Number of protein chains: 2
Amino acid sequence: MRAVQPRSRQQTLALRRQLVGSSCKLFFPTDPVKITEAKGQYMYDENGRQYLDCINNVAHVGHCHPDVVKAAHEQNQLLNTNSRYLHDNMVDYAERLSKTLPEKLCIFYFLNSGSEANDLALRLARQYTKHQDVIVLDHAYHGHLTSLIDISPYKFRNLEGQKEWVHVAPVPDTYRGLYRENHEDPVTAYADEVKNIIEHAQKRGRKIAAFFVESLPSVGGQIIPPAGYFQKVAEHVHKAGGVFIADEIQVGFGRVGRHFWAFQLQGEDFIPDIVTMGKPIGNGHPLACVATTKEIAEAFAATGVEYFNTFGGNPVSCAIGLAVLDVIEKEHLQAHATEVGNFLMKTLKEQQIKHPIIGDVRGCGLFIGVDLIKDQAERTPATAEAEELVTRLKEKYILLSTDGPGRNVLKFKPPMCFNMEDAKFVVETIDQILTDMEKECLSQKKTTVCST
Amino acid sequence: MRAVQPRSRQQTLALRRQLVGSSCKLFFPTDPVKITEAKGQYMYDENGRQYLDCINNVAHVGHCHPDVVKAAHEQNQLLNTNSRYLHDNMVDYAERLSKTLPEKLCIFYFLNSGSEANDLALRLARQYTKHQDVIVLDHAYHGHLTSLIDISPYKFRNLEGQKEWVHVAPVPDTYRGLYRENHEDPVTAYADEVKNIIEHAQKRGRKIAAFFVESLPSVGGQIIPPAGYFQKVAEHVHKAGGVFIADEIQVGFGRVGRHFWAFQLQGEDFIPDIVTMGKPIGNGHPLACVATTKEIAEAFAATGVEYFNTFGGNPVSCAIGLAVLDVIEKEHLQAHATEVGNFLMKTLKEQQIKHPIIGDVRGCGLFIGVDLIKDQAERTPATAEAEELVTRLKEKYILLSTDGPGRNVLKFKPPMCFNMEDAKFVVETIDQILTDMEKECLSQKKTTVCST
């Protein structure tokens with residue numbers, strides 16, 4: 001039977017080391033946090049200490065949101081079964097999601113994780129195009145499954161390497177990428193890179209099934225691709241017989257504020273062929289979705305082979321998905337994300353003037369990256385300094401983390417209820433810590449955290 | 001906002017056809033069932049009609065079991081976050097699961113679906129062995145992901161076909177397989193088939209990473225491999241440097257009655273290297289697990305690459321997993337499965353004497369297959385008759401379905417609370433229907449459902 005007494009942090013840690021695969025890493029591995037409760041944008045450790053959560057984009061409408069918890073409980077008491085039976089929740093949910101998307105994206109598949117969604121997207125693309133190859137952005141991460149590690153440079157570079165059917169395009173990062181803010185037309189320049197990749201691949205007899213991209217590359221370093229890039233890429237990809245897959249797993253569901261989907265930042269004239277959803281979709285409940293066109297869905301069905309996902313689209317998952325949509329609407333979380341995100345951007349940019357370590361502040365809504373650099377000329381990633389800052393923030397009970405190939409980009413992607421006070425608090429704390437670090441640097445106590 | 005009025009069955013069906021990928025099939029596609037509630041082993045349609053559920057092995061401890069629902073609700077109100085923070089539920093759950101397994105299987109990974117578990121098992125096997133090839137049984141199904149369709153003859157035969165790294169061994173089916181009940185040593189004969197496959201593969205320079213098998217092949221036709229087969233196969237596979245993966249997704253968690261895991265039916269001297277769990281593990285909640293040895297987990301971690309599963313091992317999933325284990329214990333469901341399963345086997349074997357269409361009754365606990373045949377000599381699958389029987393059972397509000405390459409094996413895998421009365425009712429109804437079908441056949445009204 002279960003232990004009645006809660007274990008101490010050290011006991012939990014010891015058991016975890018003994019029983020759980022060590023590939024499953026902890027935050028702050030040398031001094032991990034034990035969290036026992038959470039509410040809204042706050043998490044609480046076993047001693048009741050409150051942490052401000054700036055990173056959990058899964059607890060989208062706030063940790064343990066009562067409406068979501070209630071929806072789960074009501075449905076759990078009634079029915080939880082597979083999608084081989086008719087149920088209103090699934091069709092209601094598909095209908096609701098369809099209203100958030102361009103009309104063309106009208107067919108839905110429900111699954112349990114973003115990884116499952118991306119794997120299905122790959123299957124759909126290949127079945128529809130009869131092609132095999134995939135173009136991805138450098139440093140991209142699309143999931144933990146065999147098929148997705150193959151299309152995730154962030155992972156495959158450290159494992160078996162690049163498959164012959166995978167092509168890596170440069171990240172459309174106008175701050176530290178190939179073409180920067182001083183380039184006259186980075187949109188065309190980056191899209192032409194994709195065009196060149198396609199041409200080279202075709203010369204080798206290869207055929208493009210898909211361009212697979214996060215609408216805002218996250219692990220890649222909280223990147224905002226310049227508007228118009230997706231349209232131009234889609235043109236090249238479609239010409240090659242491929243499809244455009246927008247991975248909205250990290251960034252969808254209103255996070256960017258002024259749109260419900262991050263791909264919509266590219267402009268109204270852009271519509272992907274497949275959209276994948278995950279993380280925030282169920283506020284923590286294992287849920288995911290793939291939306292696509294009638295043509296692609298029909299090509300997939302034409303094989304006659306059933307797609308059955310045991311848990312996918314069950315009435316509980318769909319009830320939770322619906323409740324999340326309800327809360328986003330009811331609490332005007334998109335408008336809130338815009339307001340708080342704008343304030344956060346503004347105050348972070350004020351810090352940029354004050355602290356030379358802040359090279360760039362970029363973002364949209366509650367998806368923000370702060371690029372820390374060692375020098376203005378080379379924009380060398382301030383990796384150690386970023387780690388130090390994150391560690392000191394944790395000591396102030398603020399949970400923030402880094403991303404990007406240089407692990408130097410602070411990433412903000414908090415629960416959407418993150419408010420102005422929270423924003424003020426975190427920026428003030430960053431200011432304090434950076435000021436301290438600069439002082440220590442000047443007094444040469446800690447040379448490793450110096451920046452120009 | 002959500003529809004307040006429930007939709008009619010026809011409305012739900014119309015919306016589903018409009019919005020959900022048609023690869024997602026319905027039971028009884030021409031006249032699907034709309035289920036709105038369920039309790040224990042019973043499901044209820046929109047008009048309150050009660051159906052006896054003989055097939056849902058996901059609702060393992062009974063649909064909407066109050067203890068499981070309560071555990072979910074309590075934890076949902078407290079915390080649902082990722083496994084990068086320490087939490088007692090994950091280590092408690094790993095510890096509890098470890099007590100059900102041989103000591104060697106002591107490292108756990110938590111995920112959201114059986115498919116995710118099998119994909120990780122594949123990654124573990126390949127990383128540990130540095131080999132690529134996989135041996136599977138014919139007609140096997142291991143999941144809906146790209147990597148798993150590759151190792152599922154049930155799927156790949158209808159799609160892109162067999163990959164060069166996949167090898168298919170004959171199903172150790174002593175009723176309609178290569179070596180039958182009259183063979184002097186089917187165990188060695190079937191294991192030698194695997195040995196031959198390994199030798200042939202090695203001659204072509206290929207290296208075996210894993211033998212991947214359901215402990216009781218389900219989609220393959222509710223097969224009970226003869227005891228000792230796994231040991232002999234494991235010997236050959238280990239000699240080739242591969243590992244033995246037991247897929248317990250359909251059949252674990254006490255379903256077979258006298259053991260907690262179906263692989264234990266092979267004998268105490270058999271221990272797989274990797275065990276995958278899914279379906280029943282969370283009574284419907286998306287949850288899955290991989291258990292493996294220290295050596296394999298360490299080889300996987302040695303790459304230094306993190307394995308992060310966003311929802312996997314969250315406190316809610318683990319609380320639910322623990323509650324399921326509690327109910328299995330508290331309600332003595334293993335002993336119950338043995339008792340009811342034995343009764344079901346006995347009464348079905350009585351029917352076998354009465355109805356020549358019943359060629360074989362096989363099973364263990366609440367995992368039972370009834371193999372319907374057109375003739376004794378050839379044991380030709382009675383596919384149409386099986387479909388007719390299942391359709392007529394549905395008209396009597398009994399949900400049963402078929403499996404096996406000939407879709408002629410009735411499969412019983414009900415919620416574990418399925419009781420003696422339920423067993424009596426379903427066997428009596430089968431008797432009635434088969435008697436009717438035989439009469440109709442004699443009066444030549446329906447020649448297609450005739451059997452000798």
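Reply: Buried area is the accessible area, taken with a 1.4 Å probe, that two parts lose on being put together, summed over both. The model is a predicted one.

Me: How much area do chain A and chain B bury between them?

Reply: The contact draws 102 residues from chain A and 102 residues from chain B. Of the area buried between the two chains, 57% lies on carbon and sulfur atoms, and the total is about 9,300 Å².

Me: How many salt bridges are counted between chain A and chain B?

Reply: One salt bridge joins A:Arg7 to B:Asp92, whose closest N and O atoms are 2.4 Å apart, and this lies inside the 4 Å cut-off. For the two chains, the count is six salt bridges.

Me: Which helix of chain A gives the most to the side that touches chain B?

Reply: Across this interface, 46 residue pairs are in polar contact, with both residues at pLDDT 80 or more. On the side of chain A that touches chain B, eight residues come from the helix that gives the most, which is α3 (residues 88-100).

Me: Which strands stand at the edges of the open sheet in chain B?

Reply: The sheet has four antiparallel strands in the order β11-β12-β15-β14. Two of these strands each have a single partner, so one side of each is left without a neighbour in the sheet, and they are β11 (358-364) and β14 (401-403) of chain B.

Me: What is the bridge partner of B:Val361 in β12(B)?

Reply: β11(B) and β12 (residues 367-372) of chain B run antiparallel and are joined by six bridges. Within β12(B), the partner of B:Val361 is B:Val370.

Note on methods. Residues are numbered from 1 along each chain as its sequence is written. Chains are lettered from A and ligands numbered from 1 in the order in which they are written. This is a predicted model: local features need pLDDT of at least 70, side-chain atom pairs count only at pLDDT 80 or more; totals for chains, interfaces and linings use all residues. Side-chain values use heavy atoms; hydrogens and water are left out. Contact means heavy atoms within 4.5 Å. A salt bridge is a side-chain nitrogen of Lys or Arg within 4 Å of a carboxyl oxygen of Asp or Glu. A polar contact is a pair of N or O atoms within 3.5 Å; within protein, one must be able to donate a hydrogen and the other to accept it, and residues adjacent in sequence count only if both atoms are side-chain atoms. Helices (H or I, at least four residues) and strands (E, at least two) are DSSP runs, numbered from the N terminus. Two strands pair if DSSP finds at least two bridges between them.
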